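I open this notebook to record what I looked up, entry by entry. The sequence and the structure come first, and my entries follow.

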Amino acid sequence: MKAMVYRGPYKVRVEEKPDPRIEHPNDAIVRVELAAICGSDLHLYHGMIPDTRIGHTFGHEFIGRVEAVGSSVQTLKPGDRVMVPFNIFCGTCFFCARGLYSNCHNVNANATALGGIYGYSHTAGGFDGGQAEMVRVPFADVGPTIIPEWLSDDDALMLTDAFATGYFGAQLGDISEGDTVVVFGAGPVGLAAARSSWLMGAGRVIVIDHLDYRLAKAREFAFAETHNFAHHDDVVVLLKKLTGHLGADVAIDAVGAEADGNLTQHITSAKLKLQGGSPIALNWAIDGVRKGGNISVMGAYGPLFSAVKFGDALNKGLTLRMNQAPVKRQWPRLFEHIRAGLISPGDMITHRIPLDAIAEGYHMFSSKLDDCIKPVIVPGA
Ligand SMILES: [Zn+2]
Ligand SMILES: [Zn+2]
């Protein structure tokens, strides 16, 4: 089969790889129909994630048709069309039993913190991902869900990570009626968090980014008030001015470790690999939220981190919550919201690219070219 393959930082290409096989009785093989490139794939592409091996296939957001199932699979059969959550999880361990699917204890021999993620390096279990013609799906009775006939493919694809992760980010913000919510980052997760904040009672939603085309999308898709931090000397001062000098009630960090704007952090992370990126957006959140406020962290960070304003967070009495989203847990509510016409996650998609052109797709997305917000790979095109 053809698959996207990592060849080193900033180098990906399409290669022939052996077809994936059933390796366990509860595996399924899925023929990929749509696969997205996630903002967090860019951390892999930039060589920021430890143990990203040459030959690895990325892609944790995909939908497709079941090609084959192992002997113990009960809920799926060949021909079923499925949406597959980005987390790989067993469904029965201590953590899965508590809904912490992203922290499953049985899927990642390399870590005790993180569970398994498709196509996200050996740090996340070493599972090949869905930016390919086919993919092996472990625990086929647990993660994948048959796509309901009323759900569009684009909406289903956006629930496998991006939109569901943003929704989870808003949930962790514990938004109260009328709250002012500030979202850092207007990529797909930030857009989804902003849009979802309204569903949870926000009275005001502010989105901060430095790219005007993404802020335009935040106004159109998430009905947010937007500010370009490149036009302001100090984002925190701006936020204070916007909020009667108290700060926002809730801040959502949808940027993560590759925030633009701090050279020292860039050197310690990307160059020296002393830490997995820069906590700029996180520190803006700590400074920009009011005393007693909530911070939800959805951006992806490496395991080790320094220069976070932890003492300020303590002294302000902040609540910080974070996790990789256990997206399947969000699906029932998101299905209801989609059926009610309240959200349309697929509207985040801006580009469709054949698998053969995936190198150009990564380059475009990474370099923020052509107003790209969410690129989708179409293996059959
Ligand atoms: Zn993702
Ligand atoms: Zn588990």
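**Entry 1: H4 and H5.** I looked up how helix H4 passes H5 and found a right-handed crossing. I use the rule that a crossing is left-handed if the near helix is turned anticlockwise from the far one by less than a right angle, and right-handed if clockwise. Helices (H or I, at least four residues) and strands (E, at least two) are DSSP runs, numbered from the N terminus. The axes of H4 (residues 162-172) and H5 come within 7 Å and cross at roughly 50°. This makes H4 oblique to H5. Axes are lines fitted to C-alpha atoms, for helices over the stretch in contact, and angles run from 0 to 180 degrees between N-to-C directions. Angles under 35 degrees count as roughly parallel, over 145 as roughly antiparallel, 65 to 115 as roughly perpendicular and the rest as oblique.

On the H4 side I noted Ala162, Phe163, Thr165, Gly166, Tyr167 and Ala170, which meet Pro188, Val189, Ala192, Ala193, Arg195, Ser196, Ser197 and Leu199 of H5. The residues of this contact of H4 with H5 divide into nine nonpolar, four polar and one charged. Contact means heavy atoms within 4.5 Å. Ala, Val, Leu, Ile, Met, Phe, Trp, Tyr, Cys and Pro count as nonpolar, Asp, Glu, Lys and Arg as charged, and the others, Gly among them, as polar.

**Entry 2: basis of the model.** I record that this is a predicted model, in which local features need pLDDT of at least 70 and side-chain atom pairs count only at pLDDT 80 or more, while totals for chains, interfaces and linings use all residues. Residues are numbered from 1 along each chain as its sequence is written, chains are lettered from A and ligands numbered from 1 in the order in which they are written, and side-chain values use heavy atoms, with hydrogens and water left out.

**Entry 3: H5 and H6.** I then followed H5 (residues 188-199) to helix H6 (residues 212-222), where the two pack at an angle of about 30° with their axes 9 Å apart. H5 and H6 are therefore roughly parallel to each other. H5 passes H6 in a right-handed crossing. The contact is made by Leu191, Ala192, Ala194, Arg195 and Trp198 of H5 with Arg214, Lys217, Ala218, Phe221 and Ala222 of H6. By class, I list seven nonpolar, no polar and three charged residues in the contact of H5 with H6.

**Entry 4: H4 and H11.** I returned to H4 and its packing with helix H11 (residues 331-339), at an angle of about 105° and with the axes 11 Å apart. H4 is thus roughly perpendicular to H11. Here Phe163, Ala164 and Tyr167 of H4 meet Trp331, Arg333, Leu334 and His337 of H11. I find five nonpolar, one polar and one charged residues in the contact of H4 with H11.

**Entry 5: the zinc ion.** Which residues coordinate the zinc ion (ligand 1)? I found Cys38 (SG), His60 (NE2) and Asp161 (OD), at 1.8 to 2.2 Å. Donors are N, O and S atoms within 2.8 Å of the metal (3.2 Å for Na, K and Ca); water is not among the atoms, so sites may look incomplete. Along the chain, the donors of the zinc ion follow the spacing C-x21-H-x100-D. Histidine 60 lies in the loop between helix H1 (39-45) and strand E4 (61-69), and aspartate 161 in the loop between helix H3 (153-159) and H4, so the pair ties together parts that are 101 residues apart in sequence. Histidine 60 is buried, with a relative accessible area of 2%, and aspartate 161, at 5%, is also counted as buried. Buried means under 20% relative accessible area, exposed over 50%, partly exposed in between (1.4 Å probe, protein chains only).

**Entry 6: H9.** I checked helix H9 (residues 280-288) and found nine of its nine residues buried, so it is largely enclosed by the rest of the structure. The elements covering the buried residues of H9 include strand E10 (180-184), helix H7 (235-242) and helix H10 (310-315).

**Entry 7: methionine 4.** I located methionine 4 in strand E1 (residues 2-8). At 0% relative accessibility, methionine 4 counts as buried. Leaving out residues up to four places away in sequence, methionine 4 touches residues including Val12, Phe58, Leu355 and Tyr362.
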